[in-house]
Each structure stands twice: as structure tokens, then as C-alpha cells.
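Student: Hi! Could you walk me through the ligand site and the pockets in this one?
Tutor: Happy to, let's look at it together.

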Amino acid sequence: MTTAQVLNPATEQVVATVELVGVAETDAAIERAQRAALTWREVAPGDRARLLRRFAEAVDADLERLAQLEVSNSGHTIGNARWEAGNVRDVLHYAAGMPERLLGHQIPVAGGVNITFHEPLGVVGVIVPWNFPMPIAAWGFAPALAAGNTVVLKPAELTPLTAIRLGELALEAGLPEHVFQVLPGKGSVVGQRFVTHPAVRKVVFTGSTEVGTQIMAGCAQQVKRVTLELGGKSANIVFADADLARAAATAPYGVFDNAGQDCCARSRILVQRSVFDKFLELLEPAVRGVRVGDPTQESTEMGPLISAAHRDRVAAYIEPSTKVAFTGARPDGPGFWYPPTVVLPDAPTDRVLTEEVFGPVVAVLPFEDEADAIRIANDTEYGLSGSIWTNDVGRALRVSRAVEAGNLSVNSHSSVRYWTPFGGFKQSGLGRELGPDAALAFTETKNVFIATQ
Ligand code: NAP
Ligand code: MG
């Protein structure tokens, strides 16, 4: 069996060695999941709900350990990591309300009764990236389990530790064996097998648009269901009438949270020209004030990037000709650090404006009026999230409706609540996660007519 060393990105020290699963073990796990699906779907809705609640409670009891594990594996700040573990608990509790609420319809028909059922799909494969290992895993597995499916989950090679722990907690909480299996391994091996194995009936993928399009094409061979959560290049639109001080003070956290390794990062700040200079003046101290450093410290706001390779990829966006307005801090010594960086692009075609950097780099550019702001915001293949800063409620609503993105916030940078739907327009994805309909995405609607005469 091959193994992989897991590094702490803040120290570059090895924190664990993990055994990687190959094709044969993946096939065996999928077959176990397929058998387990036959009994899991028959578990009474109330009992499935109870088991998910116990799983949530087990996560809650383990919250500090999960958070510490994420800090050492992913370099997330301890504050963020606690939120992430708490999010898994909350997503599980919310999903526990779903089995008893998968309501069908009774549709009036002549000569009989017509009813619909939401049938589970069978085995669901969840492929998770390294940027939010815990929440993204739970957004897939919790509603899939609630709807009566079994789950095989592949964490990212760089960040398998919390997923492995969640797999243990599920068993400790009493979920039957093989209902939820975690398979650390390579995307090209384990993830690819989820796509090609006919017993896997749906793939939930979060990651790059490049791999997401390959997965969609692969799934097409079997007309396999797929949910995709891909990249973003979201706009933070600041109108002249906004509370500029608040807009500037919060903008760094809308893009540099998780060191910018967030598909919802507001990596383009569009500022109305009349207040452009004023906004930059206010933004500079806010960016310099972001506390970058040891992620185990409670006061730290930004940690390192995930790997040396990723840091190099991010750094390559800052070319010698790039106009850097100002940067924030970064610690010296070991660790994959990159400072918060604010750039002023020259042209709409600059890579830093068109590509997802996935690091702490933000481009600030001016716009003229509302129509111009909407045009620039939509001038991207992505459409995941965005923010609109204005005190004009009509404008807030007009612009919210006009921006082609799945998750917008007005006078705020929040994107994710487990009880509201999340997902992308255009090449940011396909389908929605979270929210009241989350479990339905893991079912097929079956229509049954019963003749009464
Ligand atoms: P990625 O390659 O898309 O990886 C995401 C997940 O897919 C990982 O678990 C990966 O496994 C797996 N995978 C890779 N190739 C696969 C394949 N052929 N079939 C099935 N699964 C496969 O992302 P990345 O290379 O880590 O990051 C590259 C860029 O993608 C980032 O810089 C960022 O721009 C974007 N990204 C976006 C998000 C997001 O939340 N939208 C998340 C991560 C990355 P391995 O770990 O073994 O590679
Ligand atoms: Mg990759």
C-alpha cells in the first residue's frame, strides 16, 4: 500500500502518514456501500434521524480535537477551524430533520390514486478539496445519508485527517458499518473510480473547474448524477453611497479569510470611481491590520497557504509588471506564507482579474455607474458569490438580481448558512447544496399510479 506524508503548512513538519487506497480497495468499499444501501434505505426515517443526531453529538463532543487536527493539517486559524467543526455538527443536526420530511405529492387523477416517492439513489461518491475539508465533506455526506443513501468519501490528499476522524465518529455514534466510508487516496485513482464505477449513482465534486469538467464528462458516460461546486471570481461592488468605512474595513476579510483559499473569495473589488481613491486610503490600514501568523493563536486572522506548490502558483500571479498597491504582513521562517496583496490591474484581460488565484490576492478597479458595475461583475466565466455595498435598497435589489451568481450578500460578505441554498451560476458549478432541499438532490422522484377500479 502506498502512503502519503501529511504536512503542517505553518511549520512544514510531518504531522501524519496516511495509507492511500488503490483501485481494488475502492471497488471493495463501493461494493460494501452498495450492500449497506439495501438495509440503510429500510431504516425507519425516525431512526435514521436519530442516528444522524447522535453523529452530530459525537462531532460536538470531539469539536476541539477536530479543530486542532484541522489547524495542524490545513493551517486554518483555530477560530475558523472551530467554526468548521461546528458547521459539520450543525449540518448533521439540520440533515437529521430531513428523513421525516421527504414529503411526496398526492396528485388528483381519474380512476385511482397517484403518489410520488423520493427514492434514495444508492451509493453516493463525495470528492472533497483541501480548502475546507470538514464543511465541504459534510455538505455532501449529511443530506445524502439523510435521504437513505450510503456514502464513499475521498478527502483531498493534502488534508485527509479530519475526514478520517469523522468516519470514526460516525461508527462510534452507531451508524451501521459501510454506510459512511472515508477513502484517502489520489483523485486520479479513487475519485476517478467514483466516476467510472457503475454502482456509484451520484458524484458530488468540489474543486477546480478543470477537474470538475472532466468529472462531468466522465459521469455523462453513465448519465450519472453530478453536483459540482467549482471556482469563483466574485465581485465586491462598492457604490459611492455605501458606508465606505465599513466596506473598506470588512473587504479584507471578504477575500483573505482562509488565506484566500475560498471559492467565495471576493477577489475583485469594484469601486465607484468618485470614491475610488478614498476607498483605497481606507483599505490600506485594514489590509495592513490583518493578523497573519501562527494559526494556533486565538488572535490570528490568516494562516499559511496549503502547500509550497500552491504558494508558488499564487506568487506567479504577481508579475514584475503587476502594480501592487500595498501588501499586509507575513511571518518569517518555515511555513507556506504569502502576504495579503492588493493589486491595481492594467487591463480587463489581466490574469489576476480573469483567473481564480485562490490565495490572498485581490484586484481593485473602478466603475462608472450601476450598469458598468453589473457589466464588470458579470465579465467572468464564474458566478459563485459576491457582495454589494450600498445604502439604496432599490439599487441593492436591482444589482442583486442582475449579478449572475448564486450567493450574494448586501452590506455583508456572508455566503454560507447551512439552511440556505449554496451553489454557482455559469462555470462555478451545477446544482445546489445546503438549504431545505439538500436531501432532494440525493433522491429520484418516483411516480406511482394505483387503479381503484
Ligand atoms: P482539484 O484538482 O480540483 O482537487 C479537488 C479534489 O478532486 C481533490 O480531492 C482531488 O484529489 C480530486 N481530483 C483531482 N483530480 C481528479 C480526477 N481526475 N478525478 C477525480 N477526482 C480528482 O483542485 P486542486 O488541484 O487541489 O487545486 C487547484 C485549483 O482549483 C486551486 O488553486 C483553486 O483555484 C481551485 N480549487 C477550488 C476549490 C473550490 O472550493 N471551488 C477547491 C479547491 C481548489 P487530490 O487531492 O488527490 O488531487
Ligand atoms: Mg489538482
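Student: What is 2.9 Å from an N or O atom in the side chain of Glu-356?
Tutor: That is an oxygen atom of ligand 1, a polar contact (a pair of N or O atoms within 3.5 Å). Bear in mind that this is a predicted model, where local features need pLDDT of at least 70, side-chain atom pairs count only at pLDDT 80 or more, and totals for chains, interfaces and linings use all residues. Side-chain values use heavy atoms, leaving out hydrogens and water.

Student: How much of ligand 1 does the protein cover?
Tutor: On its own, ligand 1 has 870 Å² of accessible area, and the protein covers 84% of that (Shrake-Rupley method, 1.4 Å probe).

Student: Which elements give two or more residues to the shell around ligand 1?
Tutor: Those are α7 (187-196), β8 (200-206), α8 (209-220) and α11 (308-315). Helices (H or I, at least four residues) and strands (E, at least two) are DSSP runs, numbered from the N terminus.

Student: What about Glu-157, how far is its side chain from an oxygen atom of ligand 1?
Tutor: An N or O atom in the Glu-157 side chain is 2.5 Å from an oxygen atom of ligand 1. Gly-207 uses its backbone instead: an N or O atom there lies 3.3 Å from a nitrogen atom of the ligand.

Student: And which residues come nearest to ligand 1?
Tutor: There are 28 residues around it, and Val-128, Trp-130, Glu-157, Ser-208 and Leu-230 come nearest. Being around it takes a heavy atom within 4 Å.

Student: Switching to pockets, how much space lies in the largest pocket?
Tutor: About 910 Å³, a volume being the space filled by probe spheres set on grid points joined across faces, edges and corners. Of its 40 lining residues, Trp-130, Phe-205, Gly-207, Ser-208 and Val-211 are closest to the centre. A pocket is an open set of points on a 1 Å grid over the protein atoms alone, where a 1.4 Å probe fits, with protein on both sides within 12 Å along at least five of seven lines; lining residues have an atom within 4 Å of a point.

Student: So what takes up that space?
Tutor: Ligand 1 does; sitting in a pocket means more than half of a molecule's atoms lie within 2 Å of its grid points.

Student: And the second largest pocket, how much space is there?
Tutor: About 600 Å³. It has 24 lining residues, with Trp-83, Phe-132, Asp-257, Asp-262 and Val-416 closest to its centre. α4 (78-96), α5 (133-146) and α9 (244-256) each supply at least two of the lining residues.

Terms used:
Residues numbered from 1 in each chain as written. Chains lettered and ligands numbered in written order. Polar contact = N/O pair within 3.5 Å; in protein donor to acceptor, adjacent residues only side chain to side chain.
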